[in-house]
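Subject: Structure handover

Hello,

Here is the structure for your files. My notes on it follow below.

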Amino acid sequence: MYDENVERVLISKESIEKRTAELAARITEEYRGKRLIMICVLTGAMVFFADLIRKIDLPIEVDTIVASSYGAGMTTSGSVRISKDIKYDISGKSVILVEDIIDTGVTLKTLTKMLATRAPESLKVCSLLDKPSRRKVDFEGDYVGFKIPDEFVVGYGLDYAEKYRNLPEVCTLKPQGK
């Protein structure tokens with residue numbers, strides 16, 4: 001395996017590639033003829049975002065936002081800090097916010113509430129992973145790759161203390177590795 005702290009592969013590279021292509025095909029179909037802006041929530045979603053947008057067969061604009069509620073820990077702090085806002089005007093445009101994981105829902109609820117005040121034509125969320133058992137607020141993604149159990153995951157952009165983002169699969173960590 002990758003190192004002594006990685007316990008197992010939860011979602012294979014092949015499964016991620018297949019599901020990302022399915023999500024991209026759905027987005028392509030639903031947004032044909034619309035002005036679409038895809039916003040990546042950095043840093044966790046960057047790998048998924050890059051793979052997803054390359055599979056969307058539409059002209060799109062891309063932007064990024066940096067928001068966090070974790071820091072270097074394994075549990076959310078409960079407060080969302082936005083350290084880099086988007087640069088484009090999204091009023092009257094279709095927007096899809098792309099995230100790595102919907103966990104408590106706090107970060108995405110905060111971001112969608114903030115972006116909605118900027119009058120987009122539509123605002124949806126696409127997430128690679130969804131961990132519904134951890135939800136603290138009422139929030140559901142519009143495009144979800146995989147629902148997963150309440151385990152701490154890394155890889156494919158997700159990290160633990162900024163490590164493991166480069167793993168090509170979604171993996172769990174051993175308890176002593178946490």
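Two strands count as paired if DSSP finds at least two bridges between them; strands (E, at least two residues) and helices (H or I, at least four residues) are DSSP runs, numbered from the N terminus. This is a predicted model, in which local features need pLDDT of at least 70 and side-chain atom pairs count only at pLDDT 80 or more, while totals for chains, interfaces and linings use all residues. Residues are numbered from 1 along each chain as its sequence is written, and side-chain values use heavy atoms, with hydrogens and water left out.

Sheet. Three strands form an open, antiparallel sheet in the order E1-E9-E8. E1 (6-11) and E8 are the edge strands with a single partner each, so one side of each has no neighbour in the sheet. Four bridges join E1 and E9, and Val 9 has Cys 171 in E9 as its bridge partner.

Loop. Asp 159 sits between E8 (153-154) and E9 (170-173). Its side chain makes a polar contact (N or O atoms within 3.5 Å; within protein, one able to donate a hydrogen and the other to accept it; residues adjacent in sequence count only if both atoms are side-chain atoms) with the side chain of Arg 165, at 3.2 Å. The Asp 159 side chain also reaches the backbone nitrogen of Glu 162 at 2.6 Å.

Helix. H1 (residues 13-30) has 18 residues. Its buried residues (under 20% relative accessible area, 1.4 Å probe, protein chains only) are Ile 16, Thr 20, Leu 23, Ala 24, Ile 27 and Thr 28. They fall within an arc of 140 degrees (directions from the helix axis to the C-beta atoms), so they line one face of H1. On the other side, Glu 14, Lys 18 and Glu 29 are exposed (over 50%; partly exposed lies in between).

Regards

Conventions
Expected span 1.5 Å × (residues − 1).
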